[in-house]
Amino acid sequence: MTSTDLDTHVREAEPAPVDDVDIDTLDLRLGADSLVWKFYGDVRGVLGFQRLAGTENCIEQLAQGVEDHSVIFNDFIGRAQRSGPPIMRTIYSDDPHKWGRMVRDFHRDIKGTISDGSRYHALNPELFYWAHATFLDQALFITDTFIRRLSYDEKVQIFEESKVWYQLYGVSARSQPQTYDEFVEYWNSMLDKFVPTRTIVYATGYIRKGVPGPKWIPAPVWRIASAPLNGFIRTVVVGTLPQQMRDVCELEWNERRQRNFDRFAGFMRSINPVINRLPRKWLYLSWANEGWDRVGVDPRKLHNG
């Protein structure tokens, strides 16, 4: 898929769901032998929350859909809690088709116009695939950065597994890159389309201004007490972001912070053997734990590299 094709199809704003019968007959699902199962539900994925939400909403059409049809500006946490579980269950549940269709159908009526007057629709395959691509990127980036280095073949495997994951949503795959190398090229081309949308500028305000404190703590006290937290966010959280996102969100970055980020990431990878010995309920999110319980497999012994 070229950038020209992407721009043309997105502006057509036509939804393209796939017939549910076609999905059901394929009996698609991921399982315990997949790298996506091993790594996506790992609690360390939380370190990529801003990369995931940020890259997704730096594309104008998607951000406008969030602004027009979501409650992000007055219930940011609530929105994340409502959208996250169905996506996780599309991977880990015993009925991934049901959950995938639920995610898709959430988006049937999400449509409108952007600043240049052109239309968008959330089930336009080019737009829907971009949203999926940010989840795939999170699995690749967070694993390789904070858990353990992935080999090229493992990255290829995760990409191939992501095709099954995407099919479970029941949206046309016409925009999907066919190889991992094509995905990398696609991803890099999308980074160059980032714009400072109202959604993402709002969502990164806590980084520029500092985390807001509880009302019962005096502001001067909170400025001192929150300094370590804000320092962590401005180094580790901002460190996960592509430079194009830092630029459009006006997030400060420099070589010193990059070095500190690299040290933190290296430390996290170095203690991975220790973290892998933690109780599974501490190591995986609840929806992933339900899946591992159901199949009776201990993921801590799998794919350790």
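The expected span of a helix is 1.5 Å times one less than its number of residues. Keep that rule at hand for the opening stop. The model on screen is predicted.

**Stop one: helix H14.** Select residues 227-239, which form H14. This helix has 13 residues. From first C-alpha to last it reaches 17 Å, close to the 18 Å expected at 1.5 Å a residue. Now click on Ile233, where H14 bends by about 25°. Ile233 is also buried.

What do the buried residues of H14 pack against? Show helix H4 (49-57), H8, helix H12 (205-209), helix H15 (243-249) and helix H16 (255-270). Those are the partners.

**Stop two: H8 and H9.** Select H8 at residues 125-147, then H9 at residues 152-167. Their axes come within 11 Å and cross at roughly 145°. The crossing is right-handed. Show side chains next. H8 brings Pro125, Phe128, Tyr129, His132, Phe135, Leu136, Leu140 and Asp144 to the contact. H9 brings Lys155, Ile158, Phe159, Ser162, Trp165 and Tyr166. Color them by type: 10 are nonpolar, two polar and two charged. For the spacing along each helix, recall that an α-helix has 3.6 residues a turn, so residues three or four places apart point the same way.

**Stop three: Asp7.** Select helix H1, residues 3-12, and find Asp7 in it. Is Asp7 buried or partly exposed? Its relative accessibility is 31%, so Asp7 counts as partly exposed. Asp7 and Leu127 lie 120 residues apart in sequence, yet 9.9 Å apart in space, C-alpha to C-alpha.

Conventions:
Residues numbered from 1 in each chain as written. Predicted model: local features only at pLDDT ≥ 70, side-chain atom pairs only at ≥ 80, totals over all residues. Heavy atoms only, no water. Axes fitted to C-alpha atoms, helices over the stretch in contact; angles between N-to-C directions. Helix = DSSP H or I, 4+ residues; strand = E, 2+ residues; numbered from the N terminus. Left-handed = near helix turned anticlockwise from the far one by under 90°. Contact = heavy atoms within 4.5 Å. Nonpolar A, V, L, I, M, F, W, Y, C, P; charged D, E, K, R; others polar. Buried < 20%, exposed > 50% of the residue type's maximum accessible area, 1.4 Å probe, protein only. Bend = angle between axes of the 7 residues up to and from the residue.
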